[in-house]
Amino acid sequence: MVDLIKYVRKGLADAPSNPILKFSDYAGKIPDVVKFTLGEPDFNTPDHIKEAAKRGVDENHSHYAPSNGTIGLRKAASQFLSKKYGQNYDPETEVLVTNGVTESIFDSVLATLNPGDIMVVPTPLFPLYMTDEGVINEGVEIVKVNTVDDGFKLTPEKLQKVIDKYGDRVRMLVMNYPTNPTGVMYSQDELDALADVIRDKPIFALCDEIYSELNYDQPHASMEKSLHDQVILMNGVSKSWAMTGYRIGIVCAPENILQQIAKVHQAIVTTEPTPMQDAAEEAFKNGMDDALPMKEEFQKRRDALYSGLTKIGFECAKPQGAFYIFAKIPEGFEQDDTKFIYELVDKAKVAVTAGSSFSEGGEGYIRFSYAVSMDQIEEGLKRLEKFVKENKK
Ligand code: PLP
């Protein structure tokens, strides 16, 4: 038989599969497991949004929508961003609808980076930006900046160092705030200071703001405010309206850039399902504050999980946004986080995500998602306490 794998695109065969999904499959087969692994809200999509999707189906919105997205959705998204965060994008020319922010990221990276270019990624960070290595944009180099010693935030000094070292090859800075996996938020001053480092340089700031509505202790700040012309802004309905399965994301950028990103979208995806765009339009238009009750509940869970973990001996910074806590594996345990999560799920039936799945700086940490009920949090904490007592050396 011919060994066809040799003919798969160079680099792809050696690219790692997503370790988070692999573990999730493993843990999912264990009965009665408490799962702190979920990257999506455990809430239902609000009824008025579901009705809009059904209406779209009933009214035969069964045809291809315009490739950049229905104008209704683009207008609603643009108005939402403007009212909520003062971000101004022309819905006709500066907003593109994609298959979740996942596609927004890939389209943007493919549209703007060439072989030899450098993308700066502060780590630990959501691994989608790292799977790019060998999978999507061959020849683009990812320079990771480990933020573990700076409270998991990129500092202007460290960013400046990368630019001094690599010069004009640096073409993109990836920013995600509130941040997955640490729940860290940046203040406007911090973002402005980072913006100053790249201002007027040929560098895009890819700003993934998908968790913008899930902020607990301070208002959402955005790099767009001080760097509009260089920012590629992403947001979507997955997290703020509990609509991960609807698969709608939004990417916004100045027209000349957005239109290049749209070409990648046209080539790969064509357009998103029309009734799902109707639903997302309803979310942005009439669901301005839908995230509030969810946020209130998440905040209670964050407080309960944070205080429980701290009591058991996990060192962690109190997260300010999203729905994750990034905790250090306590002393008295081997610091190999992958080994730790498999041992924890096998012995205590508690599933968490290995910190190293989020790249450099994540080693020795584990990520808890509090997108689970308060009952599950209490049960999980009980099991964890017992596990730590029985296994700590
Ligand atoms: N960006 C970040 C930081 C995420 O955590 C996630 C999902 O976990 C996504 C993007 C993907 O979002 P979407 O469902 O819109 O593709």
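This is a predicted model: local features need pLDDT of at least 70, side-chain atom pairs count only at pLDDT 80 or more; totals for chains, interfaces and linings use all residues.

Student: How many helices and strands does the protein chain have?

Tutor: The protein chain contains 12 helices and 13 strands. Its radius of gyration is 21 Å, close to the 21 Å that the globule rule gives for 393 residues, so the chain is as compact as a globular protein of that length. Buried residues account for 48% of the 393 residues. Of the contacts between residues at least 6 apart in sequence, 77% join residues at least 24 apart.

Student: Which residues of helix α2 are buried?

Tutor: One may begin with the span of the helix. Helix α2, residues 47-58, reaches 16 Å from its first C-alpha to its last, close to the 16 Å expected at 1.5 Å a residue. Its buried residues are I49, A52, A53 and G56. These cover an arc of only 100° around the axis, which puts them on the same side of α2. On the other side, D47 and D58 are exposed.

Student: What do the buried residues of α2 pack against?

Tutor: They pack against α9, residues 274-286. As for what comes after the helix, α2 is followed by N60, whose phi is positive, near 60°.

Student: Which helix gives the most to the shell around the ligand?

Tutor: Helix α4, residues 100-112, gives the most, with 3 residues. In total, 13 residues surround the ligand, and the closest are G100, V101, T102, N180 and S238. By class, the shell divides into 3 nonpolar, 9 polar and 1 charged.

Notes. Residues are numbered from 1 along each chain as its sequence is written. A residue is near a molecule or strand if its C-beta atom, placed from the backbone, lies within 6 Å of it. Helices (H or I, at least four residues) and strands (E, at least two) are DSSP runs, numbered from the N terminus. Ala, Val, Leu, Ile, Met, Phe, Trp, Tyr, Cys and Pro count as nonpolar, Asp, Glu, Lys and Arg as charged, and the others, Gly among them, as polar. The expected span of a helix is 1.5 Å times one less than its number of residues. A residue is buried if 20 or more other C-beta atoms lie within 10 Å of its own, exposed if 12 or fewer, and partly exposed in between; C-beta atoms are placed from the backbone. The arc is that of the directions from the helix axis to the C-beta atoms. Two residues are in contact if their C-beta atoms, placed from the backbone, lie within 7 Å. The radius of gyration is taken over C-alpha atoms; the globule rule is 2.2 Å times the number of residues to the power 0.38.
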